[in-house]
Every structure is written in structure tokens, then in C-alpha cells.
Amino acid sequence: MSMDAANGDAADVAGQGGDVDPITLTVIWNTLLSIAEELGVTLRNTAFSEGVREGDDFATALFDKDAVLIAQGNFSPGHLGSMPFMAKHVLRYFPADTLQPGDSILVNDSFIGAGHFPDTYQLMPVFVADRLVGFVCCSAHQVDMGGAAPGSQKVHGVTEAFQEGLRILPVRFVREGRIDDDIMRIVLGNVRVPDKVRGDLLAQHTANLTAAARLAQMFEDYGIQTVESACEKILARSAAKMRELLAQVPAGTYSFEDFMDDYGPGTEPIKMAVDITFDGKGEVTFDFSRSSDAVPAAINSYINYTRAYAVFAIKTFCNALDPQTEGSMRQIKLNVREGCFFNPEFPAPSGGRPILQIRIFDTINGALAKALPERTMGAFSHWSNPNIGGIDDRTGKPFVMYDVSLAGYGGQYGKDGVEGMSPVMNCSNIPVEVHETHNPVRIRHFGFIPDTGGAGRWRGGCGIRKDIEVLNSTATLSHLGDRHRFAPYGVFGGKPGALAESILNPDGDAEQLHSKETRPVKRGDILSFRLSGAGGYGPPSERDHRAIAEDIADGYVTEARAREDYGWKPGSSESE
């Protein structure tokens with residue numbers, strides 16, 4: 001008998017009865033986390049599109065043999081929070097006993113997945129000696145999935161999901177190690193940039209292969225029973241810790257409501273309302289039922305996406321430091337009426353739902369400010385997610401520029417909001433050089449906007465301005481933004497951040513753009529996206545004047561606004 005086999009047998013014996021020693025448990029747990037994180041690194045480094053490779057718009061996770069989430073990488077919360085429910089849906093289509101080594105399932109359905117067609121999931125079973133031991137999974141935002149406009153995120157004028165592009169219910173994309181060329185051909189025949197989509201789909205598959213090999217090796221090293229026992233302990237301890245922390249929140253129902261601008265030119269605002277109930281015993285329930293009904297535009301939030309950000313918010317406020325498992329998610333319940341904006345029925349369109357993630361979090365944050373005042377913050381700056389596409393004059397081929405511009409955090413207890421970060425979405429600003437290399441555009445301006453952060457004892461972060469010049473003869477803009485009408489709120493006396501603004505040709509015949517407008521643009525047009533500032537925390541009268549002087553020196557606040565908001569006087573450096 002080899003040493004590896006002997007070690008495996010010993011580990012199996014140690015795992016019988018559900019007992020795993022602390023050292024082995026720690027090693028297995030950290031190995032699982034390492035595999036999930038490395039899966040993301042591999043995906044990022046092999047992806048073709050800017051959104052995945054540079055913007056980090058993807059996620060990774062590991063599951064046990066019953067598709068229960070055990071470990072996840074530190075990536076997009078909207079994808080991660082949806083994964084446990086996606087995986088179980090897949091097993092309804094493909095029961096475990098129908099799966100073979102080398103198989104992989106592909107899905108992008110809005111209800112099953114993360115809420116819109118560009119997000120493709122690949123779920124791969126992992127076998128040891130023909131025995132199913134678990135699954136590896138990764139998601140990626142594809143830069144295009146067909147539909148009414150480049151980028152597949154057009155909002156206004158899209159009234160049903162069938163207009164949004166290619167919908168993929170769970171299919172066996174890889175069969176016993178061989179990619180199904182027929183399925184790949186169907187996908188690539190329905191997208192504008194097939195080279196990038198093909199590259200990202202293959203990057204997902206390759207990343208899963210590397211993670212599956214590592215996971216199988218871990219089972220072989222420690223023995224199947226030992227690893228399964230360790231996973232049971234991980235889930236149980238995660239659940240117990242979350243119950244303990246939720247029980248510390250004062251029992252009661254906490255409510256808040258805010259509004260999105262609208263769902264397109266000439267439409268009404270969308271009410272976002274939540275009632276959050278902590279039972280004092282370790283469970284919390286989110287009820288979004290007072291929100292608006294689903295809207296006839298591609299911006300609705302399917303239930304998995306709504307759930308993902310409810311889970312993320314609770315992790316943020318109550319249990320931020322522990323790794324997330326499905327055990328820590330089970331105490332978080334949702335009550336959302338069918339037909340609600342946050343629980344639409346198919347075929348409600350949802351392509352533009354990315355702009356909801358910060359707004360869902362802000363709504364929850366507003367409610368929790370009443371229960372956990374020193375953990376909450378002013379509302380985040382909103383973000384800009386325009387898609388610009390057409391036929392590239394240089395190549396004669398389609399192009400899609402997928403951009404993410406991310407700005408500031410709200411002020412929080414003891415700390416000003418930080419500029420230029422990625423609140424809630426956990427992605428990254430895509431570098432200017434990357435956009436200019438791969439698309440017929442030039443970035444004319446990219447920087448902070450002074451005087452946009454909400455005043456407060458702790459100031460909100462500034463908004464960001466990005467001006468994009470179109471170098472192509474023609475193109476189409478699908479704008480995806482918000483906070484043009486309803487400013488990011490401040491808390492506990494803090495002031496709101498400045499409104500966002502989008503302008504076509506700001507230095508010429510300036511024209512205001514709607515936050516969710518789709519329109520043709522041409523060579524020489526400049527699209528100026530000016531993000532809202534974030535909300536402040538606490539009364540501005542309590543701000544330290546030394547901090548005000550530093551804001552002026554750093555260019556975040558002008559002297560005129562400092563006098564208006566804080567009563568600041570030149571030469572003042574004492575706290576009030």
C-alpha cells in the first residue's frame with residue numbers, strides 16, 4: 001500500500017462519526033477557500049473581455065455533493081449570493097446520477113442565475129474514483145448576449161425578456177470532457193462579439209478544470225469521509241455564528257424607502273421599500289413587498305438577485321469577517337410578493353438590473369441605521385455602467401465597450417467616505433488604456449468632482465466624472481445609471497450627496513442625457529458621465545475644522561462650499 005493510500009485510509013477512519021480534529025479541519029477549510037480564490041485568479045488571467053479580465057465582473061464557489069455552498073471567492077456579491085440557488089436548480093435539470101466525470105453545465109437564465117442574460121454560470125461536478133464528491137462553479141459577465149442593443153443591457157423600450165438576447169436554460173455544455181460544438185455555435189451565432197464571448201466561456205471552463213483537479217486531490221489526500229465531515233462542521237459552525245450575531249441585533253422591524261429615478265424617459269419613479277424584522281433569536285426576514293410592481297422595462301430584480309444583496313447586507317453589518325457558506329445564509333429569509341419589482345414573473349425583462357445592487361444595499365442600509373447606527377453609513381455614490389457599441393470602422397467587425405465607473409462611499413461613524421472605490425459591486429474601474437486600446441474611443445477626462453460629497457461630521461465621498469469621446473463614425477449608447485433625480489441620502493444629520501448628471505457634448509451644444517437612455521452617437525460626440533456624490537454622516541456643524549482644511553487642500557471641497565456647508569473661515573484649524 002502506498003503512503004498516500006495509507007494516509008487516505010487513516011483520514012477516512014478519523015472522519016467516521018463526524019469527528020475531525022481541529023488542525024485537520026483548519027487545513028481543509030483554508031484549502032477550500034484557497035481553491036475558490038485561485039479559481040477566480042485563473043479566470044481573471046485567462047479571460048478575453050475587459051469586463052472579466054480588468055473589471056472583475058465574475059465570481060467563484062465550491063459546493064458539496066448535494067450542491068450546498070461550502071466556500072466562495074472574494075468576488076461579485078450579486079453572483080455569489082445567487083449561486084446556491086442556481087446550483088440546486090441545475091440539479092433539478094440534471095440529477096446527480098446523470099452526471100459524468102468531465103461534464104459541465106451552462107446556464108444564464110435570469111430567474112435561475114444572477115438576474116440577467118449576460119451572466120453565464122458553469123457548474124462542473126467533481127469525481128473521485130467515479131464517486132461524486134462536489135462541484136466547482138464560476139460565473140462571468142459576458143460583454144454581449146445579443147438582444148436589442150450592444151451589451152444586452154438596454155432598459156427603455158424593452159418590455160419582455162425575449163427581446164434581451166439569448167436565454168440559456170441549463171444545458172450540458174461539456175460532455176465527458178468534450179465541449180459541445182453545437183451549443184457553442186448556437187451561442188456564438190447570437191452575440192455581437194463572438195471572439196470575446198468564446199474566450200470568456202473557455203476561460204470559465206479552464207478555470208473550473210484547475211479547481212476541480214485541486215478539489216479532487218484534496219479529497220484523495222484526506223479521504224472522502226474526513227472532508228465531508230469537515231464540510232458538515234463548517235456549515236454548522238457558520239450557521240451557529242450567524243445565529244449568535246443576528247440575535248445581538250435589537251429585536252424589531254426596521255423600515256425604509258427610497259426611489260429610483262424611473263425606468264426610462266417619461267416614466268414614474270420606482271419605489272424601493274423594505275421592512276426588516278429581527279426576531280431576537282437569530283433570524284432576520286426581509287420584506288420588499290411594499291415596493292413598486294414590476295415595470296415594463298429591462299430593470300426588474302429577479303428573486304435570486306434580490307436575495308443576493310439581502311445576504312450581502314447582513315454579512316456586511318453583522319458578520320463581515322467570517323467566510324461565507326450556505327450555513328451562514330440560512331437564517332436570512334425573504335418575503336417578497338410575486339409580481340413585485342423585486343420578485344417579477346417571467347418574462348419580465350431585467351437586462352439593466354446591475355444598477356440595482358447599490359440601490360438595494362442603500363435601502364437596507366437606511367433601515368438598519370435605526371438598529372445599528374454606528375455600523376451604517378450615508379448612501380453610496382451611484383455608479384455608471386454605459387455600453388457603447390457598433391461596427392468598428394477600423395476592422396468592419398462589431399465592438400462593445402462595457403464600462404464600469406465607480407465612485408465614493410458614504411460617510412460612516414468615525415470615517416469619511418472613501419473616493420474611487422467599488423461599493424457593493426466588488427468590481428474594479430476598467431483602466432483608460434484598456435478601453436482606448438480595444439475600442440474606438442478616447443477618454444478625455446477622468447477624475448473626482450469637488451463639492452459632490454454630502455457634508456457631515458464625516459463627509460461622503462466625491463463623485464467621479466468620465467468623459468468619453470466617440471472616434472467611430474456611428475455607435476449606440478445604452479446608458480445605465482441613476483441618482484439623477486433622487487440624491488444619495490445622508491444619515492443622522494448628514495447632508496445628501498450631489499445629484500448625478502449625464503451630458504452629451506458638454507463643451508458644445510450641451511444636451512442632458514437620461515440616466516437609462518439608448519441613443520445613436522457619432523464621431524466627435526463626447527459623453528460626459530458625472531456620478532453622484534455619497535451621503536454624509538452626522539451634522540456638518542460637528543466636523544473638525546482641520547479635516548475641512550485637508551479637504552480643501554486635497555481638492556475634495558472648495559473654500560466657497562466649505563463656508564456654505566461648515567461655516568469654515570480661512571486660517572481656522574480648531575475643532576468645534
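Me: Before anything else, what do buried and exposed stand for here?
Reply: Buried means under 20% relative accessible area, exposed means over 50%, and partly exposed lies in between, with a 1.4 Å probe and protein chains only. The model is predicted, with local features needing pLDDT of at least 70, side-chain atom pairs counting only at pLDDT 80 or more, and totals for chains, interfaces and linings using all residues. Residues are numbered from 1 along each chain as its sequence is written, and side-chain values use heavy atoms, leaving out hydrogens and water.

Me: Why is Cys-138 called buried?
Reply: Its relative accessible area is 0%, and the limit is under 20%, so Cys-138 counts as buried.

Me: What makes Cys-318 buried?
Reply: Cys-318 has a relative accessible area of 8%, and it is therefore buried by that limit.

Me: How do you know that Cys-138 is in no disulfide?
Reply: A disulfide is a pair of cysteine sulfur atoms within 2.5 Å. By this rule the count comes to zero disulfides, and for Cys-138 the nearest cysteine sulfur, that of Cys-137, is 6.3 Å away.

Me: Why is α12 called roughly antiparallel to α13?
Reply: Helix α12 (residues 545-554) and helix α13 (residues 559-566) pack at about 155°, with axes 10 Å apart, where axes are lines fitted to C-alpha atoms over the stretch in contact and angles run from 0 to 180 degrees between N-to-C directions. Angles under 35 degrees count as roughly parallel, over 145 as roughly antiparallel, 65 to 115 as roughly perpendicular and the rest as oblique, so α12 is roughly antiparallel to α13. Helices here are DSSP runs (H or I, at least four residues), numbered from the N terminus.

How values were computed. Helices (H or I, at least four residues) and strands (E, at least two) are DSSP runs, numbered from the N terminus.
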